[in-house]
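Thanks for coming. I have one structure to go through today, so let me put it on the screen.

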Amino acid sequence: MTILINMAQTTLYLMRHGECEGGNTLRGHCDVALTEIGFAQMQLAYAKLPEMVDRVVSSPLMRCAKFAHYIARKRDVNVSLDERLKEIYFGRWDGQLIPKLYAEHGAELTAYWQNPWLHPLPEGELMSTFEQRLDEVVEQLVTEHCEEKLLIITHGGVIRHLMAKALGVSQAVGFYTQLSLEYASVVKITHFRDEDGTCHWRLHWGESI
């Protein structure tokens, strides 16, 4: 086990957006609003953070960005929007009702959930492309904002990939299909960089954040 002492630490609080309008849809890049309940869920989650954050970085989709701008006004904290923090794009099926998709394309959708790396959706974003853009943005954040505390407001797929990254696993199907991540969930990840530039990640699990 690596003992992480005397290293530059950056803290990432990854918040999923709250409940959205539109029902049970395959939400990727489709831009849907939060419900009143969804906004309240995010307010409650933010109130439970154990410390003040130095800045907020958000997906530009309004189910994330609305709350990011709210926090910026309320707490006078810097906020920026980054296209790379969007959810994966589901192609022709993006924004469609999931029960309808299962009725018409059940086999393809099931294959996708079982292994999205091997079975991309029609005209959808490849998992490798999705993961690459997330790796790029998080590396930029921990480099430019070293030793800061960041609130990243984003989507379930984004958070699951970054959890897998922190654990050092790749193509981990279970992170996308079997790991529950409720609306307005917050996951804490810390990034450490030693004097030689070597990076270490830690996922904080089963502790108060």
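This is a predicted model: local features need pLDDT of at least 70, side-chain atom pairs count only at pLDDT 80 or more; totals for chains, interfaces and linings use all residues.

Start with helix H1, residues 36-47, and helix H2, residues 62-75. Their axes are 11 Å apart, and the two helices pack at an angle of about 50°. H1 and H2 are therefore oblique to each other, and their crossing is right-handed. Which residues in H1 and H2 meet? On the H1 side they are Phe39, Met42, Gln43 and Tyr46, and on the H2 side Arg63, Lys66, Phe67, Tyr70, Ile71 and Arg75. By type, the residues of this contact are six nonpolar, one polar and three charged.

Now the salt bridges. The count comes to eight, and I will show some of them.

Arg55 pairs with Glu148 in a salt bridge, with 2.7 Å between the closest N and O atoms. Arg55 lies in strand E2 and Glu148 in the loop between helix H4 and strand E4, so the pair ties together parts that are 93 residues apart in sequence. Are these two buried or exposed? Both Arg55 and Glu148 are buried.

Next, Arg92 forms a salt bridge with Glu123, the closest N and O atoms being 3.2 Å apart. Arg92 sits in the loop between strand E3 and helix H3, and Glu123 in the loop between H3 and H4, 31 residues apart. Arg92 is partly exposed, at 49% relative accessible area, while Glu123 is exposed, at 58%.

Last, the salt bridge of Lys100 with Glu104 has its closest N and O atoms 3.2 Å apart. Both residues lie in helix H3, four residues apart, about one turn of the helix. Lys100 is partly exposed at 41%, and Glu104 is partly exposed at 46%.

How values were computed
Residues are numbered from 1 along each chain as its sequence is written. Side-chain values use heavy atoms; hydrogens and water are left out. Axes are lines fitted to C-alpha atoms, for helices over the stretch in contact, and angles run from 0 to 180 degrees between N-to-C directions. Angles under 35 degrees count as roughly parallel, over 145 as roughly antiparallel, 65 to 115 as roughly perpendicular and the rest as oblique. A crossing is left-handed if the near helix is turned anticlockwise from the far one by less than a right angle, and right-handed if clockwise. Contact means heavy atoms within 4.5 Å. Ala, Val, Leu, Ile, Met, Phe, Trp, Tyr, Cys and Pro count as nonpolar, Asp, Glu, Lys and Arg as charged, and the others, Gly among them, as polar. A salt bridge is a side-chain nitrogen of Lys or Arg within 4 Å of a carboxyl oxygen of Asp or Glu. Buried means under 20% relative accessible area, exposed over 50%, partly exposed in between (1.4 Å probe, protein chains only).
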